Amino acid sequence: KELQKKEFEFFEYVRNTDEMELFRIIDKIKSQLIKKLSLLSAKYYLGHIMTWFRTNGIEIDPMKYKSKIRWNKIHKEIKYTPGRAEIQQIIDNSTKFEYKLFYHFCVATGARQSEILSLRKMDVDLSNAVPSVHFLAENTKTKQERYSFLTPECTDILKKYYLSKDIASEDLIFHINVMALQMQFHGLRK
């Protein structure tokens, strides 16, 4: 009951305050959130608070909000990048030939897992001096079509793979279960 009374008092104070004081309150809430949460989580929480304000009749001009409440840019650092030896160990220790080929595709093209798994035989051109891979826009995260090239080692493994499997031009190259691939990958990294 005491908490409800304090919430009501705060709500009345916010409702009756001037705009400058309101932005000071919002900035103070933002500062408190940043101390306890990641920057992205703090933004989400403050967004919910702003929705609560609007729902309860406290109008805040979005342009003024943007100019008064400043957020630091979120810097994402790479947590860990495996070295050449570790990547080669992962490839060498793969249990299935198809997994080895998949990891070679990852290294050669730099493509995402889902992009590689959606490749069809007709998307790979082995007839040129430098074999290329065509990633269709519908299968990429950015929805932009692009080409990449294969290393000679990856090309040799792909040719051996084609000889061992009967793959039609419009068929997927890889028939790998995503969960099984991820479990196998994490098992190899240990």
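Which helices each supply at least two residues of the lining of the second largest pocket? They are helix 1 (2-16), helix 2 (19-36) and helix 3 (39-55). Helices (H or I, at least four residues) and strands (E, at least two) are DSSP runs, numbered from the N terminus. The model is predicted: local features need pLDDT of at least 70, side-chain atom pairs count only at pLDDT 80 or more, and totals for chains, interfaces and linings use all residues. Residues are numbered from 1 along each chain as its sequence is written, and side-chain values use heavy atoms, with hydrogens and water left out.

The second largest pocket holds about 260 Å³ of space. A pocket is an open set of points on a 1 Å grid over the protein atoms alone, where a 1.4 Å probe fits, with protein on both sides within 12 Å along at least five of seven lines; lining residues have an atom within 4 Å of a point. A volume is the space filled by probe spheres set on the points, which are joined across faces, edges and corners. The lining comprises 11 residues, with Glu7, Phe10, Ile29, Ile49 and Trp52 nearest the centre. Helix 1 contributes the most, 5 residues. By class, 8 are nonpolar, 1 is polar and 2 are charged. Here Ala, Val, Leu, Ile, Met, Phe, Trp, Tyr, Cys and Pro count as nonpolar, Asp, Glu, Lys and Arg as charged, and the others, Gly among them, as polar.

The largest pocket has a volume of about 380 Å³. Its lining has 16 residues; Ile90, Phe102, Tyr103, Cys106 and Phe185 lie nearest the centre. Helix 5 (84-92), helix 6 (97-109) and helix 9 (178-189) each give two or more residues to this lining. The classes are 12 nonpolar, 3 polar and 1 charged.

Helix 6 has 13 residues. Buried residues (under 20% relative accessible area, 1.4 Å probe, protein chains only) in helix 6 include Phe102, Tyr103 and His104. Just after the helix, Gly110 takes a positive phi of about 70°.

Strand 2 (residues 132-135) pairs on two sides. Strand 1 (residues 124-125) runs antiparallel to strand 2, joined by 2 bridges; strands pair if DSSP finds at least two bridges between them. The two form a hairpin with 6 residues between them. Strand 3 (residues 146-149) is also antiparallel to strand 2, through 4 bridges. Val133 of strand 2 partners Val124 and, in strand 3, Ser148. In a regular strand the side chains alternate between the two faces of the sheet. Both faces of strand 2 are covered: Ser132 and His134 are buried on one side, Val133 and Phe135 on the other.

Definitions and conventions
The expected span of a helix is 1.5 Å times one less than its number of residues. Buried means under 20% relative accessible area, exposed over 50%, partly exposed in between (1.4 Å probe, protein chains only).
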